[in-house]
Amino acid sequence: MAKKFRNYINGKWVDALSGQTFENRNPANWDEVIGVFPKSSKEDVNDAVKSARKAFEAWRLTPAPKRGDILRKVGDLMVAKKEELSRQMTKEMGKVLAETRGDVQEGIDTAYYAGTEGRRLFGHTAPSELSNKFNMAIRVPIGVAGIVTPWNFPMAIPTWKIFPALLCGNTIVFKPASDTPATATSLVEILIEAGVPEGVVNIVHGGGGEVGNAIVGHPDVDLISFTGSTGVGKKISVMASETLKRVSLELGGKNAQIVMPDADMELALEGVLWGAFGTTGQRCTATSRLILHEKIHDEFVKMLVKRVENLKLGDGLKKGVDVGPCVNEDQRKTVQSYVEIGLEQGAKIVAGGEIPKDSNFKKGWFYRPTVFTNVKPEHRIAKEEIFGPVLSVLKAKSLDHAIQILNDTIYGLSSSLYTRDVNGAFRAIRDIKAGITYINAPTIGAEAHMPFGGVKQTGNGHREGGWAVYDFFSEWKTVYIDYSGGLQRAQIDNY
Ligand code: UN1
């Protein structure tokens, strides 16, 4: 019998009101059922929002350092359970164990950052233009936050949103991706164990159409923080505008790594292998374009193909496996269809390009790590986000040309340049249009205490991570205290 999971609303574990359920299976072995989860609807969301609204009144008045203490305890519990959480995540979404450990660690880092932020959460003071008057701006909680998260970082991304939201004094209605509901449940269990009061965190499982839309459309939800596709992000933006919610969108990417002839080639090779095929290419920061200077193009492609062919595909729990399966059937179909589009438009496959035929792979959503050469900037595989193990190689004549190709996309999340030329590197930092630029490091590997997010259609200008996310989850309140005992008119009495 598969384990049965529930929603957590108003301090109680409950089934969906409709009684409906859905199953989640291991993408490396679809015979294995991870669990059965409530298939919730609008009514369940209504209950969760009601619970979060009620709990907000006490939570907003809980001192921030106390909220921080709870989050520090959350971090301690995550440390204690790191291995268990990582294994559960690999089974649930397929990425290899070393990476799921990294995912949990990112959550731990975020918890400890939030814990200490409880004793900062700085505001500002500024002198008044009038005598005997004091000015300050303080951060205040906003209300109920709707948190809608993807399956590729099932622990890290929810923590990026939920921990700072809680620290700032907001309450939560959490809808995790339906491909990773078990990891999300573990996170909620940890929050409860650490002492988050009843009603402050609520989790509602189910599909985006039903549960996600109900959260975004709910008039009593004040904030939405969403990570996912650009298509869905645009719909959320429109829907949330009805009630003028504050919305943070973390969307697609078409990230590129540039390699110049003066770079350390071995290092650049390690970088692109990790950036393109880590998490089976299913990161919004994944390297999906490699822009090679023409002088080193042929030699680099040769080195790359050799290494890609040796990447070991398999069940992420097994030792020595480099690349796990795609998360589900739809995702693998998308990958396959982009490979066909690439071929049709005249690109050339130099590695992978197929579903593995070996019987070991029969019961999982595996796809061979794939490299295309002869890719032109106008090809769809150079423009559209694939979210799978597919790398498109393009050729550039110079650094400026490479930057121009890199910028030729609607997205702007991550970017990378391998070079030893410090002048070129600084020019690239200035001219690359992306939220994140790495020099001599791959496009993946963001750290929890630094701002994370993109420009152009990767988002709507907000940032997660570090200090920046606290701006999203709190409201500025400006306070003027006049202790002159008389009416002082700003802009008038002093001029
Ligand atoms: C994502 O793919 O949505 O920098 C997040 C990275 C990770 C986070 C990725 N630390 O790749």
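For the residue classes used here, Ala, Val, Leu, Ile, Met, Phe, Trp, Tyr, Cys and Pro count as nonpolar, Asp, Glu, Lys and Arg as charged, and the others, Gly among them, as polar. The structure is a predicted model, in which local features need pLDDT of at least 70 and side-chain atom pairs count only at pLDDT 80 or more, while totals for chains, interfaces and linings use all residues. Numbering runs from 1 along each chain as its sequence is written, and side-chain values use heavy atoms, with hydrogens and water left out.

A search of the whole structure turns up three cavities of 30 Å³ or more. A cavity here is a set of points, on a 1 Å grid over the protein atoms alone, where a 1.4 Å probe fits but cannot get out; a pocket is an open set with protein on both sides within 12 Å along at least five of seven lines, and lining residues have an atom within 4 Å of a point. Points are joined across faces, edges and corners, and a volume is the space filled by probe spheres set on them.

The largest cavity holds about 100 Å³ of space. Its lining has 15 residues, with Gly281, Ala286, Ser288, Ile386 and Phe387 closest to the centre. By class, that lining splits into six nonpolar, six polar and three charged residues. The second largest cavity comes in at about 70 Å³; 14 residues line it, and Lys254, Arg289, Tyr411, Gly412 and Ser414 lie nearest its centre.

As for the ligand, the space it takes is the second largest pocket (more than half of its atoms must lie within 2 Å of the grid points). Residues around it (a heavy atom within 4 Å) include Glu106, Phe153, Trp160, Arg283, Cys284 and Phe452. Seven nonpolar, three polar and two charged residues make up this shell. Domain 1 (7-251 + 459-478) and domain 2 (255-439) both contribute to the shell, so the ligand lies between them; the bounds come from an automatic or database domain assignment.
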